[in-house]
Amino acid sequence: MRTLGALVAAGVALAGVPLLELPAFYESFFYLVFFWTVLATSWNILSGYSGYFSFGHGAFFGTGMYTTATLTMKAGMPFLWTLPVCAGIAALFGVAIGAVVFRAGRLRGELFALLTLAVSYVLATVILNTPIDGGPGVSLAAVAIPRLAATPPSTFYLLALAAAIVTLAVAYQVQYSPLGRGLFAIHDDEDVAEVLGVPTYRYKLAALAISCALAGVAGGIHALFVSYVTVGETFSIVVPLSVVLMSVLGGTRHWLGPAIGAALITALLYAFTASDYAVAGRAAVGLILIVVILFMPQGVLGQLLRWTARPQPKPGSGLEFTHRHAAIQDLTPLLSATGVSKAFAGVQALAGVDLVVRRGEILGLVGPNGSGKSTLINVVSGHYRADSGRVVFAGSEIERLSAHRIARLGIARTYQIPRPFAHLSVLENVTLPAMFGHAALARAEAEREAMRWLEYTGLAPKALVLPGELNLHQRKFLELARALAARPQLLLLDEVLSGLTPSEIDGAITLVRDIRAQGASIVFVEHVMRAVMQLADRIVVLSYGRVIAEGSPAEVMGRPAVVEAYLGKAHA
């Protein structure tokens, strides 16, 4: 609230500039700073936060320009009334594109970038060859300028200032809301974000709608400012390139970064334009961009924030485990898989797997490499969708549910190769599933929950560092802490011990026992047989995507079929 209050206070103070009766040049200059702040910040809400790079922001900006031009000149609508319409039409246009592209497969990011670029040219062609423009452009010279101030430059200054303050407030709210946390996770690893509970499709559409609406409003204001709208100027490549440059220069991972970039670039271009070296100014902008990408990838603001010391988070209350007897007290099924099959390009990874996980047990899932263990984990967690079969969890069929809905029901997992969000701190990595997983905690409570698990796994001193600074053992425990923060009913551990030393394995075994003592059921995929024999109440053996044995660890591992699966027929 202090930040939003400071924004409002800054807006009120800047609104008094027209009272100083400065030359119109200064108001026009500040208008452009605010205008580019709106465009760059609106682009950043989607592309900077989520990583879905848009080359077509000019299309949504142009939609706003031509909406205002059409409604004022041909429908006689007052100018201010056109701005909400600009926002709505631009948002609908963007969501229509996103609704198609965001459902695409692995290339959805690349496809979105190319499609937004193509849309700009298609929209320009349509407008140019219809009565919307018709070729010569649209003049708004006859449109009445609202009397918000004594002079037209002052009026445009106030309009742009209001739009900039609202846009920055929206960007701030998005960044520190669950939406922003989800978008940052999507930026680093969309598939993992979905499995941890982030509704990625809905969040991307929401960010795109906000981004396009703000760009549409900027376009509507700018249409009256320039007073003559043409396709060539409106849909120029200069608009998307400028907003990208400003956002990258200021810093894409902070709500204020694009505004700083917009102010710097606008001031630089004006300084060169006022001299005899306008071309040199554009060259200088390009050189600055290269320097920033090479030496300050987080942007000017990001670099400043890295130099600023951050306070260490307060420790949590610690985990007080109440150990109970390891014997299974509840034999009712928590998860049951029936006839689950999955193939990849003709290779049958799962071939009719039947599996039951009971409440409160540790089930060891073992088998040779390529037997389908990780594929089964991926199917149960929603990372893959089964080709056939039925999966029931806590009484609900989940085989057709999206991964984030499965996470909300109470299933959490780790990955065989750790997949932390590279640009989120260790604390933020663990906070995310506490917010979006089964626990669904508010942010403050989620951070406390995350710190509790970081303390137990020994990662609390690393809470504020990035995952890249952790060793393998620490990254494995980060995966575990991240899964536990969701407070799952069923925990899927995919080779969480691989790569650890014997002493580290002993510590992990103790931790897994403590986790079960709290009531979680565990499916334990592992090649370290010592750990499997010590931990598992039952084991299920897979081979070539089929269950070949099931029962107690000591009995099952001595069966000839299991020995043959691991060592070959000669040893069976």
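Predicted model: local features only at pLDDT ≥ 70, side-chain atom pairs only at ≥ 80, totals over all residues.
How many cavities of 30 Å³ or more does a search of the whole structure find? The search finds 4 of them.

**The largest cavity**

Rolling a probe the size of a water molecule over the atoms shows where empty space is left. In this model, the largest cavity has a volume of about 70 Å³. Its lining is made up of 13 residues. Nearest the centre of the cavity lie Leu 196, Ala 407, Ile 411, Ala 412 and Ala 486. Two or more lining residues come from each of strand 8 (411-413) and helix 19 (472-484). Strand 8 contributes the most to this lining, with 3 residues. By class, the lining holds 9 nonpolar residues, together with 2 polar and 2 charged ones.

Strand 5 (residues 362-366) and strand 10 (residues 521-525) pair in the parallel sense, over 4 bridges. In one of these pairings, Ile 362 has Ile 522 in strand 10 as its bridge partner.

**Two residues compared**

The table sets out the relative accessibility of two residues.

| Residue | Relative accessibility | Class |
|---|---|---|
| Ala 141 | 65% | exposed |
| Thr 375 | 13% | buried |

Why does Ala 141 count as exposed? Ala 141 is placed in that class because its relative accessibility is 65%, and the exposed class covers values over 50%. Ala 141 is located in the loop between strand 1 (138-139) and helix 6 (152-175). The C-alpha atom of Ala 141 is separated by 5.5 Å from that of Ser 227, although the two residues are 86 residues apart along the chain.

Thr 375, by contrast, belongs to helix 15 (residues 373-381). Thr 375 counts as buried because its relative accessibility is 13%, and the buried class covers values under 20%. Which residues does Thr 375 touch, not counting residues up to four places away in sequence? They are Lys 342, Phe 344, Ala 349, Leu 350 and Tyr 384.

Methods:
Residues numbered from 1 in each chain as written. Heavy atoms only, no water. Buried < 20%, exposed > 50% of the residue type's maximum accessible area, 1.4 Å probe, protein only. Contact = heavy atoms within 4.5 Å. 1 Å grid on protein atoms, 1.4 Å probe; cavity = no way out; pocket = protein on both sides within 12 Å on 5 of 7 lines; lining within 4 Å. Points joined across faces, edges and corners; volume = space filled by probe spheres on them. Nonpolar A, V, L, I, M, F, W, Y, C, P; charged D, E, K, R; others polar. Pairing = 2+ DSSP bridges.
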